[in-house]
Amino acid sequence: MLAEGNEVSVLDENPEAIALLNRGQDQSWEDLGGSFTVGTALEIDALLAAGIENADAFVASTDGDNTNLVIAQIAQRRFRIGKVVVRVLDPGRAKWYAEQGLQTICPTQTAIEMLQRAVRGEHERRGSVA
Amino acid sequence: MYVLIVGAGKVGWNLARELIDKQNEVTVVEASRRRYEVVEEELEHNIQYGDGTELWILERAGIERADLVIAVTGDDEDNILICQVAKEKYGVERVVARCNNPRNLQHFELLGVKPAVSATDLIMRLIEHEVPKYGLVHLLDLKEERLEIIEMEVAEGSDADGQPVQSLGLPEGALVISILRDGGGFVPTGESVIKAGDEVLLVLDIGIEESVTERFVSRTAAAG
């Protein structure tokens, strides 16, 4: 997203996580113009420090489904962010919250569908499902 | 009444005991296998093993016919989510959520999960209720002279809020010696008006503290 010319701010509770953003890049994440804030998602102060008030889009993709679902709703209802995307691993919760108007991405469901297509031999390009 | 409790920690287990004693039908859901096995020895068929934030686990536990869902896990996000789906997906009329971190209370409120019970808040309210001297600091106790100097914070809506010193109706043996406001302090006259947020220094005869402090605490707290 940063390479596409967007302003990107990352919030993570682990201060070491910035190493992942820097990995394989010639310049550091921050030199490239990205920002990085240490804090947990439910801390309003951390969200503010990460610039949530000016955000056009918000992505909730921590490793906790429930954290993502709660924080996404906070982004939507409290900070009125127009574009909110949530990662939810559990297909059941992803489906129900999608029905409630949240844009959920469920990697589990996506993988299931890809596997099904692969088994049925429906994949368009050879090797694309490896 | 059919009660579904998510989380078999100290709170969940004891709630289940009490509710079963009072002839309710209770199911507890616990996500830790170890904890489940411990509690299962006592609660037997009243406890099920599973992650109570997964919809099929809640359905297996009969959430659709629950009269009350209580979310008391150690994780606030989980408690919010459980109550949200209980109300909005399964039409459960009453939910109660435990709020572990009082800072998260605003999130429970925002997402319509109420009541949310925070132990920290409950204890704070008890302190305010049980200890009428809340907001009071003893600056100096002159035991032999039987005098004391105290500092009181003026609460909003208290009797003193908006009153000039001469209209406070303080008992004999009490005198306002200083008002601290906006980082400064001054010695008041009878006309000086006291405002909420001020800190007031008083010199008192020992033994009349209670009848003085009640003028500076909010009326609802004073009534309790």
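Which strands of chain B does helix α2 lie across? Helix α2 of chain B, residues 33-43, lies across β2 and β3 of chain B. Its direction is at about 160 degrees to β3(B). Angles run from 0 to 180 degrees between N-to-C directions, with axes fitted to C-alpha atoms, for helices over the stretch in contact.

Some ground rules. This is a predicted model, where local features need pLDDT of at least 70 and side-chain atom pairs count only at pLDDT 80 or more, while totals for chains, interfaces and linings use all residues. Residues are numbered from 1 along each chain as its sequence is written, with chains lettered from A and ligands numbered from 1 in the order in which they are written. Helices (H or I, at least four residues) and strands (E, at least two) are DSSP runs, numbered from the N terminus.

Now the sheet. It is open, with six strands in chain B. The order is β3-β2-β1-β4-β5-β6, and the pairing is parallel. Strands pair if DSSP finds at least two bridges between them. β3 (47-49) and β6 (116-117) of chain B stand at the edges with a single partner strand each, so one side of each has no neighbour in the sheet.

Look at β2(B), residues 25-30. Three bridges join it to β3(B). Glu30(B) has Tyr49(B) as its bridge partner.

Next, helix α4 of chain B, residues 76-88. It packs on the sheet and touches β1 (2-6), β4 (68-71) and β5 (94-98) of chain B. Contact here means C-beta atoms, placed from the backbone, within 7 Å. The helix makes about 175 degrees with β5(B). Eleven of the 13 residues in α4(B) are buried, among them Asp76(B), Asn79(B) and Cys83(B). Buried means 20 or more other C-beta atoms within 10 Å of a residue's own; exposed means 12 or fewer; partly exposed is in between.

On to the core. A nonpolar core is a set of buried Ala, Val, Leu, Ile, Met, Phe, Trp, Tyr and Cys residues joined through C-beta atoms within 7 Å. The largest has 54 residues. Ile5(B), Val28(B), Val69(B), Cys83(B) and Ala97(B) touch the most other members. Another core, of 15 residues, lies apart from it and includes Ala155(B) and Leu202(B).

Last, where the chains meet. Chain A gives 14 residues and chain B gives 14. On the side of chain A, α3(A) gives the most, with seven residues.

Definitions and conventions: Contact = placed C-beta atoms within 7 Å.
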